[in-house]
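Please find below a short note for a colleague who is meeting this structure for the first time. It is arranged as numbered points.

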Amino acid sequence: MEFRLLGAVEAYANGRRLALGPRKQRLIFAVLALEANHPVPVERLVELNWPVDPPRTAQHAIRVSVSQLRSILGGIDPDRSAVELTAQGAGYMLRTAPHHIDAHRFRELVRRAGAEEDDERRVALLDQGLSLWRGPALDGAAPQQIQERLGSGLEESRLVALEDRIEAELRLGRHRRLLEELTGLAGAHPFRERLTCQLMLALYRGGQTRQALEVARETRRRLADELGIDPSLDLQRLELAILRNDPALLRRPESTRVSPKAVPAQLPPAVADFTGRSGQLAWLEERLQGTVTITGAAGVGKTALAVHWAQRVRDRFPDGQLHVDLRGFATGGPMRPEQALARLLRSLGVPPDQVPQDADEAAALYRTMLAGRRVLVLLDNAAAAEQVRPLLPGADGCLALVTSRDRLNGLVALDGARQLRLAVLDPEEARGLLAAILGAERVEQEPGAAAELARLCDHLPLALRIAAINLSQQHARPLAAAAAELAGSDRLNALRIDGQAAVRAALDLSYAALDAADQRLFRLLGLSPGPDIGAQAASALAGAPLDRVRHALDRLERTHLVLQPSPGRYGFHDLVRLYAREGAEDGSLDGLFAFYLGAAEEAKRLLYPQTLQLAGPTHEAPLTFDTPAAALAWLDLERANLVAAVVHGPRRVAWKLADTLRGYLSLRRDPDDWRSVAEAARTAAALDGDLQAQAAAELSLAQAHQSRGMHRQALHHYAQALALARGTGWAECESAVLNNVGNVHWKVGALQDAADHFGSSIAISARTGQRTLHATGLANLSMVHRSMGRLSQALQLQHEALALCREIPYRNGEAIALENLGELYRDLGELDRALDHLDRALPMFRQSGNRYGEVLVLDALAAAHREAGRCQTALDLADRAVELAVAIGDRRAEADALNTRATVLTRLGSPERAVAEHGDALALARELGNLQPRLEALVGLAAACLANGEPEQARAHARKALSGAHAWGFHQIEAQARLLSN
């Protein structure tokens with residue numbers, strides 16, 4: 001079995017070449033093979049193959065490709081003993097022995113050659129490795145840009161191996177046989193000065209001094225003209241030695257062994273149980289020169305990743321590896337640049353008494369000594385860009401790998417550094433780390449406890465490692481017991497190693513580096529109940545000017561004490577939040593709650609001013625919104641924080657803010673948030689003894705249940721709300737409740753009960769002058785008449801509702817009336833008028849953020865285009881309706897959309913698919929207790945079965961629909977069922 005990546009991507013088994021499929025599938029295989037035995041995240045495969053496709057489409061394509069690759073590999077290894085392609089967390093892994101893959105064999109041969117003392121054997125090993133190359137890495141498996149990106153590290157390793165082999169052959173005196181090869185290589189790679197120097201030396205040793213000097217002059221000219229730089233010191237020294245006919249150039253070295261002093265190897269040992277970080281390692285693999293920064297919070301594993309990767313690629317830096325701990329956040333203060341330079345220069349062989357005292361002179365000598373060499377410099381635990389900048393090599397072949405808790409943005413902006421920002425481990429990586437320390441069997445026996453332990457450690461590598469090491473000494477202790485103990489303790493103190501609270505100690509160093517104002521803001525942010533916070537809210541929390549708070553947040557984020565999960569938003573890892581809360585002042589959230597309440601009221605004023613609201617004082621708006629869309633965007637951004645403020649805030653804030661958010665939660669249809677807010681408001685209002693606030697909370701709870709099709713629970717809460725409203729004489733609330741109860745009866749098929757409740761609501765709203773409720777009641781009553789087959793009465797009521805909504809004005813009500821009219825005109829066969837009304841409703845719902853309304857319009861548009869014979873357009877619209885209904889969790893809307901899509905499929909000649917979709921809609925409607933979509937599903941099943949050549953089955957479905965529609969008064973559906981039952 002052999003997998004080839006060094007050239008065209010190919011696979012062979014028993015001498016037979018396997019067909020790996022189309023290009024994108026071959027690229028997936030190549031990436032998995034490059035990372036053999038390490039998981040590759042799906043996001044990385046998407047980025048490489050389908051960067052512009054919708055994520056859902058791209059991920060589906062990857063699943064298909066992986067499935068096909070599994071079949072191919074399973075055909076050559078059915079028992080999966082030698083190769084297996086498996087799912088690993090949010091990615092995939094190709095498990096196989098590295099020697100099956102030519103790229104890994106090549107790297108192993110290069111590594112062995114680097115450790116070999118004898119030049120003959122070194123040349124043989126390098127030749128063996130270079131012979132594996134058949135062309136550019138991954139040739140033909142990717143667009144050129146992606147191919148270069150993935151293969152650049154391998155290509156660089158190939159060139160270094162070539163140079164190393166030539167270097168060894170020159171030491172063996174084989175300069176004559178190398179001339180032709182070197183001439184070609186130097187011409188193909190004119191800026192690789194090591195090859196140029198090797199060519200000059202071969203020419204000189206072959207008696208061609210003039211040609212050697214001409215190569216030097218041509219290289220000098222090219223570097224000056226094209227890059228604006230001088231040749232490296234190595235080339236300049238060689239040119240001078242040739243001019244002087246230095247006899248040392250003709251002398252064969254007595255020993256081929258590399259001097260340990262000339263090649264420093266200072267990397268710390270890698271962590272033995274390092275796991276995960278496959279995506280980050282792949283990213284680093286593509287950046288083998290220049291400056292790379294790895295930044296992140298204390299304990300996130302920056303040094304572990306840097307050392308692990310540096311050890312992995314050390315053979316690609318044959319001139320040595322340097323390491324300095326810059327002590328950026330140590331108690332005694334960071335190392336000064338001149339101190340670090342002195343250490344680096346001594347490591348490079350400069351005698352201590354010859355190290356310049358002046359920092360600039362020392363930096364210049366350091367860069368001079370690294371010119372023309374390939375050296376990896378690991379600068380660990382840096383404090384700031386100014387500390388690091390003098391330590392950067394400057395030579396093209398060198399790599400500076402820098403770790404820091406600071407973002408080091410100055411290095412990115414001014415020095416061209418590439419930045420890798422390291423987050424905590426994902427759940428699968430955290431599980432892998434626990435398994436590496438505790439043993440896979442122990443973790444597999446208690447997967448839930450292992451996941452909980454990882455969560456309590458915030459998936460932070462330092463905390464996980466401490467917890468696992470402590471547990472590894474308690475072999476019989478269940479993981480569940482350890483997790484329970486950790487959950488019930490002071491986690492920052494419980495995570496101890498060698499008697500020290502290591503996580504707390506690491507955070508202490510970062511906190512101590514802040515000034516007093518930043519420390520205060522850090523502590524206050526720890527009290528914020530939501531998952532993140534914006535700068536304006538933080539300004540209200542701290543009672544400080546916005547500009548000053550923005551600068552402070554930037555400083556906290558730069559040192560990774562706070563996260564920036566998205567631009568302008570700031571949050572914490574859980575353990576850091578615990579640390580921040582320890583020193584925070586009590587009772588300091590009033591400013592934050594006032595900000596959220598005032599801003600939410602301002603958003604409500606723009607988005608849904610007509611909705612029922614509690615009486616009481618309003619709050620000054622701390623910010624304003626230019627448009628309703630801007631208000632909706634702010635509510636979306638702050639939703640989790642607003643919910644947290646209701647759940648965790650003082651009682652009056654809880655029920656007042658909850659009532660302010662009710663219209664928004666209805667628009668967005670998030671049942672979990674809606675119920676959490678409503679239940680918290682009900683509890684707070686009861687404790688405050690405010691009966692109207694309790695009525696509003698019960699109304700909200702009922703609406704939340706109704707949006708999920710939970711009619712029994714909804715009616716219970718509506719009854720509570722109605723009693724409270726009547727008890728306090730709150731007629732507006734009474735009218736709203738009666739209207740909503742009518743909606744429940746309409747959905748379960750009790751049409752007359754629905755009409756009666758809508759009529760009662762309309763009567764109260766007419767008496768009290770509540771025109772919004774009046775318009776809503778008219779629109780709803782209209783649709784009950786539609787279900788009863790009374791289309792002319794329905795049309796009249798709907799036009800009355802539309803006129804009233806425009807007069808108020810009430811934009812959301814206007815959109816609802818337009819959608820209802822679209823459905824009525826479709827029933828009447830006036831398709832152009834139907835489409836006109838629906839096309840006007842759709843942007844109105846989208847502008848207001850009413851996703852439920854959007855589903856209704858998409859579904860109605862699909863049905864109208866179906867009736868007009870545009871079935872492909874209808875299918876696209878029905879697909880979008882189903883997807884959006886599922887996304888917002890409205891199962892009644894999902895059942896309706898499934899029915900519509902199925903009727904389109906029947907028209908398109910796919911009755912089998914239609915039967916399946918009507919069946920899904922029928923099951924859903926039965927589960928919800930919604931009669932109308934159930935009857936429509938039966939009618940649809942009858943039509944689909946008839947189209948599929950099953951007349952008896954069709955009649956059976958139609959007769960069931962006919963019986964139910966007649967009994968419940970759905971005369972429109974009754975007429976359709978009667979036609980199909982004969």
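1. The model discussed here is predicted. The remarks that follow should be read with that in mind.

2. The first topic is a pair of helices. Helix H2, formed by residues 42-49, packs against helix H6, formed by residues 144-171. Their axes lie 10 Å apart, and the angle between them is about 135 degrees. Angles over 145 degrees count as roughly antiparallel and those of 65 to 115 as roughly perpendicular; H2 and H6 are therefore oblique to each other.

3. The residues at this contact can be named on both sides. From H2 come Arg44, Glu47 and Leu48, and these meet Ile146, Arg149 and Leu150 of H6. By class, the contact of H2 with H6 comprises three nonpolar and three charged residues, with no polar ones.

4. Three cavities of 30 Å³ or more are present in the structure.

5. The lining of the largest cavity consists of Leu525, Ser528, Gly530, Pro531, Asp532, Ile533, Val562, Tyr570, Gly571, Phe572 and Arg577. Two strands, E14 (532-534) and E16 (569-571), are the elements that each supply two or more residues to this lining. Six of the lining residues are nonpolar, three are polar and two are charged.

6. Around the second largest cavity stand Leu614, Trp655, Ala658, Asp659, Arg662, Val677, Ala678, Ala681, Ala693, Ala696, Ala697 and Ser700. The elements giving two or more residues to this lining are helices: H30 (651-668), H31 (671-688) and H32 (691-707). The lining of the second largest cavity divides into nine nonpolar residues, one polar residue and two charged residues.

7. Is Gln519 buried or exposed? Its relative accessible area is 17%. Buried means under 20%, so Gln519 is buried. When neighbours within four places in sequence are set aside, the contacts of Gln519 are with Tyr511, Ala512 and Leu514.

Conventions. Residues are numbered from 1 along each chain as its sequence is written. This is a predicted model: local features need pLDDT of at least 70, side-chain atom pairs count only at pLDDT 80 or more; totals for chains, interfaces and linings use all residues. Side-chain values use heavy atoms; hydrogens and water are left out. Buried means under 20% relative accessible area, exposed over 50%, partly exposed in between (1.4 Å probe, protein chains only). Contact means heavy atoms within 4.5 Å. Axes are lines fitted to C-alpha atoms, for helices over the stretch in contact, and angles run from 0 to 180 degrees between N-to-C directions. Helices (H or I, at least four residues) and strands (E, at least two) are DSSP runs, numbered from the N terminus. Angles under 35 degrees count as roughly parallel, over 145 as roughly antiparallel, 65 to 115 as roughly perpendicular and the rest as oblique. Ala, Val, Leu, Ile, Met, Phe, Trp, Tyr, Cys and Pro count as nonpolar, Asp, Glu, Lys and Arg as charged, and the others, Gly among them, as polar. On a 1 Å grid over the protein atoms alone, a cavity is a set of points where a 1.4 Å probe fits but cannot get out, and a pocket is an open set with protein on both sides within 12 Å along at least five of seven lines; lining residues have an atom within 4 Å of a point. Grid points are joined across faces, edges and corners, and a volume is the space filled by probe spheres set on the points.
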